[in-house]
Amino acid sequence: MKSSLLAIRSIGAEFANRVFYPVLIIGIVVAIVLVALIVWLATLSEWWLLLAIPIVMVICVGAGLLAIVKLVIRYVTPPQSYLQKKAVKQFVDKLQGVAETVATPKFILLFQIVRDIAAPRENGFIGTLSSDTLSLRGDFKELKGLFDQRKD
């Protein structure tokens with residue numbers, strides 16, 4: 001696979017992981033609060049236990065979706081050396097800084113990056129952003145160089 005596509009997949013996987021864990025923590029907290037609320041309401045009347053059925057179904061579907069998302073992230077992440085991982089993390093830090101400067105919401109940024117991962121191409125969102133943004137251009141070239149050094 002070309003070095004630019006490997007770099008884009010690495011960047012996308014790193015960014016997706018950064019968004020995934022806060023979503024996971026929020027989901028767990030919401031699930032715990034909902035279950036505690038159902039238990040408390042069930043002490044008032046047993047009829048509230050009927051509410052547990054759709055809530056448990058939603059929690060199970062959410063857990064399944066989160067598990068699938070994590071497996072997809074793990075699948076698309078290419079093997080990386082320590083130096084490559086460090087460079088990817090630094091690039092994603094800068095990418096997030098640029099996105100915050102232009103006030104791009106994280107979910108839109110994540111959608112663009114996931115689209116780049118699903119249909120990798122050099123002129124995708126990350127490639128275009130890297131070539132259009134002066135501060136990211138050199139970093140992206142350096143990152144591509146790190147993936148060029150890799151022997152398959």
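Which side chain meets that of Asp93 in a salt bridge? In this predicted model, the partner is Arg18, with N and O 2.5 Å apart. Arg18 also pairs with Glu14, and the three residues Glu14, Arg18 and Asp93 are joined in a network of salt bridges.

**The salt-bridge network**

- The structure has two salt bridges.
- In the bridge between Arg18 and Glu14, the closest N and O atoms are 3.0 Å apart.
- Both Arg18 and Glu14 belong to helix H1, where they are four residues apart, or about one turn of the helix.

- Glu14 counts as buried because its relative accessibility is 17%, under the 20% cut-off.
- Arg18 is partly exposed, with a relative accessible area of 24%.
- Asp93 is also partly exposed, at 43% relative accessibility.

**The largest pocket**

- The volume of the largest pocket is about 270 Å³.
- Helices H1 (3–44), H2 (52–76) and H4 (106–118) are the elements that each give two or more residues to its lining.
- H2 gives the most, with five residues.
- The lining of this pocket has twelve nonpolar residues, and no polar or charged ones.
- Among the lining residues are Ala16, Phe20, Leu66, Ile73, Leu110 and Ile117.

Note on methods: Residues numbered from 1 in each chain as written. Predicted model: local features only at pLDDT ≥ 70, side-chain atom pairs only at ≥ 80, totals over all residues. Heavy atoms only, no water. 1 Å grid on protein atoms, 1.4 Å probe; cavity = no way out; pocket = protein on both sides within 12 Å on 5 of 7 lines; lining within 4 Å. Points joined across faces, edges and corners; volume = space filled by probe spheres on them. Nonpolar A, V, L, I, M, F, W, Y, C, P; charged D, E, K, R; others polar. Salt bridge = Lys/Arg side-chain N within 4 Å of Asp/Glu carboxyl O. Buried < 20%, exposed > 50% of the residue type's maximum accessible area, 1.4 Å probe, protein only.
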